[in-house]
Amino acid sequence: VKNKDVLIGDAYFEKGQYAKAAMHYEQYLRVKKNAWVLERLSDCYLKLNLLGKAENVYIKIRKKYTFTPSQSVKYATLLVKNGKIHTARNECSVWLKVADSLSSLKLNYLLKVCDSILKWQEQSADYKVFNLKSINTE
């Protein structure tokens with residue numbers, strides 16, 4: 001049986017009202033901890049572009065509960081969005097060894113994304129772009 005705050009949070013989540021959903025999940029989590037509700041809260045933060053908060057929730061999940069390959073995909077994606085490419089790459093590499101086929105596909109894709117980003121970051125730009133005031137308008 002789900003708690004009232006979780007049910008209300010779920011209803012708001014399904015309507016795309018992530019701030020209201022997060023508020024109810026946070027209220028529930030003040031009283032009781034639950035991995036599923038924490039993950040749902042992280043999803044809210046992700047939808048609200050509160051990436052640091054979403055990442056911190058996954059860190060809490062990882063410390064207290066058994067982390068799953070599908071959660072590692074979400075966590076690695078958050079790390080990439082937060083610019084933590086090396087950490088995301090390590091996350092993918094570790095979980096790739098134990099992931100199911102769907103998570104394995106996603107982790108392989110994320111691994112390639114990380115490798116591409118790292119490669120692009122290492123390469124210097126061949127061209128410099130600057131504003132020509134005589135040509136461009138205000």
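1. Cys-44 is buried, with a relative accessible area of 0%; buried means under 20% relative accessible area, exposed over 50%, and partly exposed in between (1.4 Å probe, protein chains only). Cys-92 likewise counts as buried, at 0% relative accessibility. The model is a predicted one, in which local features need pLDDT of at least 70 and side-chain atom pairs count only at pLDDT 80 or more, while totals for chains, interfaces and linings use all residues. Residues are numbered from 1 along each chain as its sequence is written, and side-chain values use heavy atoms, with hydrogens and water left out.

2. How many disulfides does a search of the whole structure find? The search finds zero, a disulfide being a pair of cysteine sulfur atoms within 2.5 Å. For Cys-92, the closest cysteine sulfur is that of Cys-114, and the 5.1 Å between the two sulfurs is too far for a bond.

3. The largest nonpolar core has 35 residues, of which Tyr-25 and Leu-41 touch the most other members. Such a core is a set of buried Ala, Val, Leu, Ile, Met, Phe, Trp, Tyr and Cys residues joined through side-chain atoms within 4.5 Å. At least two residues of this core come from each of α1 (4–14), α2 (18–31), α3 (35–47), α4 (51–64), α5 (69–81), α6 (85–96) and α7 (101–122). Helices (H or I, at least four residues) are DSSP runs, numbered from the N terminus. In soluble globular proteins, nonpolar side chains tend to be buried together.

4. Beyond its neighbours within four places in sequence, Tyr-25 is in contact (heavy atoms within 4.5 Å) with residues including Asp-10, Leu-41 and Cys-44. Asp-10, in helix α1, is buried at 12% relative accessibility.

5. Glu-55, in helix α4, is buried, with a relative accessible area of 6%. Residues up to four places away in sequence not being counted, Glu-55 touches Tyr-75, Leu-78, Leu-79, Asn-82 and Lys-84.

6. Among the buried residues of α3 are Glu-39, Arg-40, Asp-43 and Cys-44. The buried residues of α3 pack against α1, α2, α4 and α5. Just after α3, Asn-49 takes a positive phi of about 60 degrees.
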